[in-house]
Every structure is written in C-alpha cells, then in structure tokens.
Amino acid sequence: MGVGLSLPAMSQDRFIQYTFASGVLRGPRKVTVYLPPSYHSRRTQRYPVLYLHDGQNVFSTAGRHCCFGWGSWELDRTADQLVAEHRMREVLLVAVENSRFRYQEYRGPAYRYSEAELQALKNRPSGANDDSRYAAYGEFLLNELKPWVDREFRTLTGPRHTGLMGSSLGGICSLALAWEHPDVFGLAASLSGAFQVERTNFLSRILRPYTGAPKTIRVYLDSGTVDFSGGDDGRRLTARVADELRRIGWGADLLHFVDDKPLDDEALARAGLDPGKWTEARTSQHNEFYWRLRAWRPLTFLFPPE
C-alpha cells in the first residue's frame, strides 16, 4: 500500500501530529490525533473514534485567529468540557487536514453530466464526471488511516463506535461516506452541509430514489439560516435531506437542528468573538465561529454518556 509515517512533528500529552504518507492519495496528509482525558491513566480502556475533515481548523492549537479571524472549532476544549459534565463519552478525535483538491475529495458522488450539458456551460465544473479523488479520499480513510489508528491506539473498532464529522463540503462528505460504508462508519454529522453541490446530486440521485431499509447510521444534521453569499446556510436542502431520511425510516437515530437566529452584539461579546467580525457574524452563520458554538450537539448525540 505504500503507507508510512514520519516521526511526530508535534507531540504533547493529548495531541500527536503526524505526516501520513498515503499511497492512495499519492502524497502526504497531515493528521492530528486528540487523546481523551483518561487515555493515559486507564490503560485497558478502549474508545470510540470520530474522524474530522478540514482537520487544520478543528482544535484549539490552530489559534484564536485562524480561519479568516473566526477561530477554530476548539473541539478538544468542547469535548473535554462535555466529558467533565458527563454529557458525552470520551472519544479519540482524528483530524485530517484538507488538500488543494478539497472540493473533489469532499463533494460526494459526482453529478453525471451529459455531453450536451457540459457544452452548454460557460465553465466546465471542477472534476466533472470524475469521482476518482472522492473515491481515493474514502479509500484513504477506510483502508489506510482507520486500520492504522486501530492498530496504534486503543479504539473500539465497530461502526457503532466510528464516526465522521465535517462542515460545508465536509458535511456532505461525512454523510455520503457513511451512506456508502455503514459497516465501517455508523455515525455521521453534517454542520451546514453543502448539499447544493453537484446539482444536489446526493439528495436528488441517491436519497430520493432509495427504497430500501434505513441504514444503520446515527445521523446529525444542522444549518443556520443565513450565509455570506446571501443564501440560507443550506437550511432548505438540509431539511430536505432530513425529510428523505425520515421517509426511508430514520427515527430516533436522526437529529436535525436549525440555528434560526444569528447572534446579536451582546451575545457575540459573551462568546468572545473579535468585535471586528461582529458585522459579518450577524449576516452569516457559515463559519467556524458558529460551528464551534453548535459542535456540542453532534458530540452529545453521537457519543452519549454510557
């Protein structure tokens, strides 16, 4: 397979950062592993695992000013607090950084353009009709990264204990990969999922025609109501995805949340956002700041305390 690991570039008590040499992706990919609070003290305990897309943005180690001033998700701090409050299980968080091929790797299955459709477009879409990078990213997670994580760390390996989470394109990627591989990923979370990409292909061509039994996936979906483009942060399409899952048969294993009010100045101040971002934060919920505030919901839903 050609898989190799460098020595840790950054190693602390709870974080280990690797450069993972992937044969499938034909190059290195940075991966950071967060260890839960009791990992070093409970030597026989095994833990669920949550794989995270856009991994450079998810931990507090990214700094308060990353992501165009929005800050990171701070998932390590949120998880530690929820564990201390007995609101979630302890989990390993495995954060995979994105690449310059983010769109093609994360977008889910590609819409199949006819030649006439392509000729009618002014600009040919990135990777039109080509699933190779999405397939390679999925294979990397399935056949390279997860087996390594399960060998190197004390994990619970089954699908009930293995999840995917991401925002925007990372959101649709999480749900699409879990849909295709429920025997591996039994948990999926999409925050502000970009279900509009590829002409709503995942919703229109995969979910809507589906007539089989519900898959064994616990699913979290959310959105805001406004985004930087003047849209609705995916609210309408996320609701349609939730409706299709309910039609198929999802019940208690589906949580759909709508964050229907952007914060006002008083709430933004309490949340600690830089005042220079307040105007933008009042008109867009499609950013790491709002995902940071909402992340406790998928964590507690996917990994409730035992």
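**Note on salt bridges and overall build**

1. Asp265 has 34% relative accessibility and counts as partly exposed (buried is under 20% relative accessible area, exposed over 50%, partly exposed in between; 1.4 Å probe, protein chains only). This is a predicted model, in which local features need pLDDT of at least 70 and side-chain atom pairs pLDDT 80 or more, while totals for chains, interfaces and linings use all residues. Residues are numbered from 1 along each chain as its sequence is written, and side-chain values use heavy atoms, without hydrogens and water.

2. Asp265 forms a salt bridge with Arg282, with 2.5 Å between the closest N and O atoms (a side-chain nitrogen of Lys or Arg within 4 Å of a carboxyl oxygen of Asp or Glu). Asp265 lies in helix H8, and Arg282 in the loop between helices H9 and H10 (helices are DSSP runs of H or I, at least four residues; strands are runs of E, at least two; both are numbered from the N terminus). Arg282 is partly exposed, at 36%.

3. Glu105 and Arg29 meet in a salt bridge at 3.0 Å, N to O. The pair joins helix H2 to strand S4, 76 residues apart. Both Glu105 and Arg29 are buried.

4. Asp80 and Arg14 form a salt bridge at 2.8 Å, N to O. Asp80 belongs to helix H1, whereas Arg14 sits in the loop between strands S2 and S3, 66 residues away. Arg14 is buried, at 18%; Asp80 is partly exposed, at 25%.

5. The count comes to 20 salt bridges. Asp222, Asp233, Asp259 and Arg294 are linked in a network of them.

6. The protein chain has eleven helices and ten strands. Of its 306 residues, 54% count as buried.
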